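Thank you all for coming; please have the sequence and the structure open while I talk. I will go through a handful of places, and I would ask you to find each one as I name it.

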Amino acid sequence: MKRAAFSALISHWRKHPIQLVSLLLGLALATALWSGVQAINAEARASYDRAAGILGQDELQRLEPRTGTIPLADYIAIRRAGWLVSPVMDGFINLNGSRVRLIGIDPLTTPPQSAPVDLSGDGDLQSFVRNGLFFAHPDTAAQIPSTLPPVRTTETLTPGIIIADLSTAADLLQTDSFARLILAPEQPINLPPLSDVAPDLLLVAPEEGNDIARLTDSFHLNLTAFGLLSFGVGLFIVHAAIGLAFEQRRPLFRTLRALGLRKSTLLGLLATELFALALIAGTLGVALGYLVAAALLPDVAATLRGLYGAQVSGALTLNPAWWLSGLAIALLGTAVAGAQSLWRTAHLPILAPAQPRAWAIASLKSLKRQALGGAGLIALATLLAIYGSGLTTGFILLGCLLVGAALTLPLFLHFALNLASKFSRTALSDWTLADTRQQVPGLSLALMALLLAMAANIGVGTMVSSFRVTFTGWLDQRLAAQLYVTARDETEAADLANLLDGQVDAILPIRYIEASIESAPGQIYGIIDDVTYRENWPLIAADPDVWDLLAAGEGALINEQLSLRENLAPGDPVTLGRAEFTVLGVYSDYGNPRGEAILSLAQLRAQGAPVQGLNFALRLPEARVNEVTDLLTSAGLPARNIRDQAAIKAFSLDVFERTFTVTGALNALTLGVAALALLTSLLTLSTMRLPQLAPVWAMGLTRAKLARLELLRAVILAALTALIALPVGLALAWVLLAIVNVEAFGWRLPMTLFPRDWIGLFIAALIAAALSAAWPARRLATRPAADLIKVFAHER
Amino acid sequence: MQTVLRDVSLSLEAGKSLALTGESGSGKSTLLTLVAGLDAPDSGAIRFQNHDLTQMDDAARADLRRGEIGVIFQQFNLIPSLDVAANIAFHARLAGRADGEWCSELAHHLGLADHLTRYPEQLSGGQQQRVAIARTLAARPKLVLADEPTGNLDEDSSDTVLDLLMSGVRDTGAALLMVTHSLRQAKKLDRRLHLSHGQVSP
Amino acid sequence: MSVRALAFLFWLWATALFAQGFAGLGTDAEGFAIPQRGTELTFPNDHGAHPDYRIEWWYLTAVLEGEDGRDYGVQWTLFRSALAPESSAGWDTSQLWMGHAGITTPDRHFVAERLARGSIGQAGVVADPFEAWIDDWSMTSTAATDDQLDALTITARGMEAAYTLDLTATGPLVFQGDRGYSVKSASGQASYYYSQPFYEVSGELTLPDGPVPVTGKAWLDREWSSQPLAADQTGWDWFSLHFNDGAKLMGFGLRGATGVFTSATYIDADGTPTPYGDGALTLTPLTLTAVAGRQVPTEWRVELPARGIDITTQPTNPQSWMDTLFPYWEGPLRFTGSHAGVGYLEMTGYE
């Protein structure tokens with residue numbers, strides 16, 4: 001009985017292959033986008049953990065200097081006092097023009113918890129300490145020229161990092177001092193207090209979840225939100241397909257029940273069927289997700305590197321847990337999408353009419369109820385926007401806004417079509433509009449998906465474009481000098497300064513110290529008083545005499561991130577390194593996740609920390625750029641140490657563009673999924689709509705004409721949806737710019753509108769709708785007359 | 001593929017009515033769809049006024065249906081998205097001869113005046129069929145085709161609806177071809193033909 | 001840092017196992033200086049480090065008795081291992097240092113270990129005024145006159161226990177082998193080797209239960225070489241014994257594939273050494289004890305017929321296991337038989 005019943009149930013899919021395909025495709029796509037995003041996140045997080053784990057920073061306490069570095073003598077003094085600490089050198093070296101982080105460790109004192117590399121092979125330790133053996137990720141190893149020590153590649157390191165022995169690092173970094181000392185977790189008895197032994201060092205607790213992970217959280221939350229959105233959009237398709245398949249099989253259910261199949265058995269069989277379908281689609285989806293992730297990961301890696309300096313491998317590693325979670329989400333999605341249908345089947349009276357009710361017909365009343373719910377969510381979003389704070393709240397706000405808008409969409413469409421029919425003059429247009437309105441409930445899920453996709457598109461597009469405009473303008477301000485020159489050492493720096501004296505309008509040294517800024521690590525820059533800064537520096541808020549006061553050493557400038565994080569405004573005190581300063585102004589500093597401050601160069605030198613940086617910005621007439629470049633190269637400065645403004649701008653903009661490639665790709669995919677939802681909905685509706693179309697055909701309209709009208713309907717609906725997507729998208733953009741960005745990145749961006757993009761998207765939506773409707777319409781146009789005639793003869 | 005009708009020949013003059021009877025599957029409904037130009041016969045000719053439907057293309061047949069032929073189905077086949085008034089006027093407007101007065105007169109005559117703003121799903125079967133009749137008559141077709149127009153109705157409303165149809169057809173001077181399995185109803189028409197296994201017998 | 005890697009490096013000083021894994025090092029000195037018979041050792045210079053030799057150690061063992069009447073033992077060892085026969089300032093890493101400290105009580109054995117690279121000041125040895133140190137552990141001369149090693153203070157500290165001891169020598173330095181040239185195998189591998197076995201000790205142990213004042217005797221071994229063991233030698237058993245009459249005995253057996261190579265030096269109470277070559281000393285294991293998952297002979301019969309010595313040794317704590325990168329057994333003992341006294345036993349190469 002069971003077997004016979006099951007084969008009767010699944011025979012439905014043989015008869016309705018399109019339903020089957022749309023169900024599988026919808027679920028597979030939803031799973032793919034979701035698990036793709038998860039794979040990217042997991043890969044990135046693993047990279048962060050590796051980066052943090054490299055030096056045991058995720059587990060072990062460490063000693064850090066308040067400013068500068070820790071001299072060798074201090075380290076020895078701490079060791080000789082009995083404390084088990086291990087020194088770490090940390091700096092950057094240039095490999096063929098790219099900056100690579102070089103970490104020097106002492107394998108003899110490194111606590112096992114912080115051992116970054118495996119030296120257990122025969123002769124490894126000797127190679128490491130004596131021959132300068134490097135350890136690096138294969139990506140990084142490829143960059144290391146053969147003139148440098150031999151490299152051992154290891155996947156466990158994050159790209160962009162080289163691990164070497166202290167002696168090797170000391171040589172390459174030209175230093176005798178340490179960035180930090182790692183404390184062994186177990187220490188000998190009866191030690192003198194650390195505060196006596198190392199009074200100048202800060203005892204830093206292990207980094208919970210580590211810095212990079214925290215910084216990039218927002219980015220991953222963004223990705224996750226997109227993944228979730230795509231998943232939701234995909235579920236619309238699944239829900240629709242399952243709902244239809246159940247509706248159409250109601251007569252069969254009734255027959256089976258009448259033949260003595262228990263309700264629980266029927267439900268069990270249907271659940272089994274859904275489970276099997278979910279498993280198939282889930283497997284397909286996870287495989288697709290892998291492809292999505294593999295395709296997007298290099299850009300994500302570039303984004304993370306550009307935005308946060310986080311090193312993420314561009315290669316994807318497969319993880320069984322991830323496969324399983326992908327399958328689980330597919331099953332969960334199916335359960336969510338199928339729950340309603342199963343519930344209805346469970347409550348189906350055995351003698352219910354066999355005639356399937358028109359699919360998902362919703363009365364005006366239920367449209368209103370739905371819209372009321374939507375309005376409530378939008379109201380909640382408004383309240384959150386006014387009173388809420390925090391990144392999570394920002395995303396909840398986004399969710400409320402989007403779902404709320406989606407829920408009000410059907411009623412909006414209903415009223416819009418009603419209004420339009422008031423202006424209708426012909427029977428055909430009357431009917432077309434009325435019939436379109438009739439279709440709204442059946443298409444509402446697909447249209448909601450389209451709304452979400454379009455709103456996300458407009459919102460994210462507006463954000464990115466606003467960001468681009470602001471960023472480009474800001475680059476022009478920040479990069480006001482024509483040439484940027486890097487000396488190789490202090491002597492060369494002094495020589496260059498002499499050489500350039502009188503040759504250029506201004507030589508602006510770029511000097512900084514590493515210091516704690518309001519007890520978080522950061523950099524403090526020192527600048528000289530120059531008209532370049534006075535005219536160009538992108539100040540957001542400032543004291544009226546900001547530049548005079550700064551030059552006089554009366555205070556500091558801070559970046560927007562610091563200002564927002566610590567709630568500092570001009571006039572407030574700020575702690576930089578060991579001293580306190582008055583905030584004179586706040587400047588925008590896009591692309592920098594950390595706090596930063598500017599002092600006068602004299603003040604910076606007075607901080608007592610080693611001043612770093614051998615860079616100069618040169619102001620000179622554009623026409624003399626080549627001449628001065630030649631002057632510098634003929635003085636022996638390598639060409640790669642001279643960069644002009646245009647090159648830096650191009651580089652920065654490139655980083656910027658790559659940053660949003662992923663967002664753009666996900667956006668396009670989501671729109672694609674929405675179009676697919678529309679297609680499958682239209683396909684399934686097309687068979688059900690014959691009873692509506694046949695009488696009109698009987699009254700003298702050709703099938704071709706009806707098909708054209710069907711196409712028109714889809715376009716009308718898409719156009720109306722696009723109309724409502726615009727304000728929703730703009731609201732979304734505002735939330736992203738004014739709330740999410742501030743919380744996630746620490747900068748607020750002015751919103752700029754790009755109507756031309758909207759027109760493009762509008763047209764894209766219409767085309768997508770027309771394409772989605774094209775196939776069902778064509779099927780209608782070429783349908784045998786007999787199919788339509790059947791409508792008149794058959795009991796429906 | 002199976003031949004439903006064979007060697008069927010019949011004619012109908014303007015203003016006259018003809019009942020087509022026969023058991024289920026006798027091919028009477030097929031005959032109706034052929035006359036309506038909804039489908040084309042494998043061979044033979046169907047003449048309406050001076051046109052041979054079998055020589056016309058899909059679009060031309062659609063034009064003919066729109067302008068000259070009204071079809072009334074057993075299932076009513078109203079347009080669910082339009083209210084009663086719009087349904088009644090629909091065919092006439094498609095045919096380009098909307099006449100508000102005539103429509104309201106029909107509505108009044110068919111007892112629909114109180115239901116003009118309602119939607120088909122809110123009406124009873126008899127009421128729906130009356131709307132379908134009104135819709136057909138409003139377009140003033142030369143030929144009215146009715147396929148078991150009272151097949152879904154109980155006996156009382158069957159008679160009422162049929163009487164309304166007959167009088168309406170008479171008033172407009174159209175010809176009526178009605179398929180029915182009810183001999184009692186068939187007798188109300190001018191002529192009767194019996195179809196059996198795709199063949200006509202008087 | 002992998003334990004195995006470090007153990008590997010420091011095989012250099014400790015064991016013949018080394019010779020199997022590290023091809024050639026046991027027999028070929030690769031540019032390192034090689035001990036020559038007849039070389040006269042000079043002090044205080046030779047108390048200091050010899051970076052042109054591959055391995056070297058300052059090895060002190062103390063047999064102690066607490067005020068509580070219990071037996072204790074203390075070990076303080078600094079090993080030097082050269083990756084290259086050179087030494088310079090800065091970041092040069094040719095010299096690596098390792099410290100071992102042990103405290104043995106009848107029921108506990110505390111171990112600590114330190115590693116350091118040379119040339120940055122974290123570990124090293126200076127000859128005059130003598131100091132050997134690694135981190136906060138040190139062996140510092142307190143001698144006002146005469147030899148730098150005549151009086152020392154040693155200190156070391158671990159996770160649970162620590163000690164500080166003052167040592168005063170009551171006898172002269174003693175040369176092992178042929179005036180300090182000590183042969184280590186039948187095929188002629190040798191080291192420079194001298195001792196100061198005459199220390200009287202007083203000091204304090206810091207144990208988990210509190211401080212314990214102690215007194216006793218201590219023995220310092222100084223040895224350096226570049227080619228310590230023959231290729232087939234798998235481990236050794238090494239005794240330093242203080243007879244109650246004031247005489248001392250150093251004896252060892254190097255276990256090899258072809259048998260045991262033994263060597264001994266009998267030291268009169270006045271410090272006069274008498275070396276005995278291979279075969280004069282007989283070492284017979286009596287009792288095997290399960291230690292750290294292996295069988296280790298903890299009681300021995302020691303026979304030196306030439307001196308009428310036939311004694312049986314009893315460890316203070318059979319579980320005196322040095323659980324360091326390269327693990328071995330090292331602990332204090334008492335002996336009885338033809339003679340009675342106290343001493344220290346080191347055993348390596350038991351797998």
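On the surface of chain A, in what is a predicted model, Leu380(A), Leu383(A), Ile386(A) and Tyr387(A) form a nonpolar patch, and together they have about 460 Å² of accessible area. One of these residues, Ile386(A), lies in helix H12, which covers residues 364–387 of chain A. Ile386(A) has a relative accessibility of 55%, and because the cut-off for exposed is over 50% it counts as exposed.

Please turn now to helix H11 of chain A, residues 320–346. Does its end-to-end distance agree or disagree with what its 27 residues should span? At 1.5 Å a residue the helix should span 39 Å, and its end C-alpha atoms are 36 Å apart, which agrees. H11(A) does bend, by about 45°, at Gly338(A), and Gly338(A) is also among the buried residues of this helix, which include Trp322(A), Ile329(A), Ala337(A) and Ser341(A).

In chain A, the side chains of Arg534(A) and Asp548(A) meet in one of them, at 2.6 Å from N to O. Arg534(A) lies in helix H16 (residues 531–536) and Asp548(A) in helix H17 (residues 546–551), so the pair ties together parts of chain A that are 14 residues apart in sequence. Arg534(A), at 36% relative accessibility, counts as partly exposed, and Asp548(A), at 44%, counts as partly exposed as well.

In chain C, Arg114(C) forms a salt bridge with Asp135(C), and the closest N and O atoms are 3.0 Å apart. This pair links distant parts of the chain, 21 residues apart, with Arg114(C) in strand E4 (residues 109–117) and Asp135(C) in the loop between strand E6 (130–134) and strand E7 (137–141). Are these two residues buried or exposed? Both Arg114(C) and Asp135(C) are buried.

Elsewhere in chain C, Arg301(C) and Asp310(C) form a salt bridge in which the closest N and O atoms are 2.9 Å apart; here Arg301(C) is partly exposed, with a relative accessible area of 33%, and Asp310(C), at 31%, is partly exposed too. Salt bridges that share partners also join Arg79(A), Arg114(C), Asp135(C), Asp136(C) and Arg157(C) into one network.

Next, some backbone details. Most residues other than glycine have a negative phi, and most peptide bonds are trans. With that in mind, look at the cis peptide bond that joins Phe43(C) and Pro44(C), where omega is about 10°; Pro44(C) sits in the loop between helix H2 (17–21) and strand E1 (55–66) of chain C. The peptide bond from Asp128(C) to Pro129(C) is cis as well, with omega near -5°, and Pro129(C) is in the loop between strand E5 (123–127) and E6 of chain C.

As for phi, Ser119(C) has a positive value of about 70° although it is not a glycine, and Ser119(C) lies in the loop between E4 and E5 of chain C. In chain B, Gln49(B) has a positive phi near 50°, and it is found in the loop between strand E2 (47–48) and strand E3 (51–52).

Finally, a word on confidence in chain B, which averages a pLDDT of 84, with 98% of the residues scoring at least 70.

Key: Residues are numbered from 1 along each chain as its sequence is written. Chains are lettered from A and ligands numbered from 1 in the order in which they are written. This is a predicted model: local features need pLDDT of at least 70, side-chain atom pairs count only at pLDDT 80 or more; totals for chains, interfaces and linings use all residues. Side-chain values use heavy atoms; hydrogens and water are left out. Helices (H or I, at least four residues) and strands (E, at least two) are DSSP runs, numbered from the N terminus. The expected span of a helix is 1.5 Å times one less than its number of residues. The bend at a residue is the angle between axes fitted to the seven residues ending there and the seven starting there. Buried means under 20% relative accessible area, exposed over 50%, partly exposed in between (1.4 Å probe, protein chains only). Patches are made of residues with over 30% relative accessible area and no salt bridge: like charges are joined within 9 Å, nonpolar side chains (Val, Leu, Ile, Met, Phe, Trp, Tyr) within 5 Å. Accessible areas come from the Shrake-Rupley method with a 1.4 Å probe; for residues, only the protein chains shown count as cover. A salt bridge is a side-chain nitrogen of Lys or Arg within 4 Å of a carboxyl oxygen of Asp or Glu. pLDDT is the predictor's confidence in each residue, from 0 to 100.
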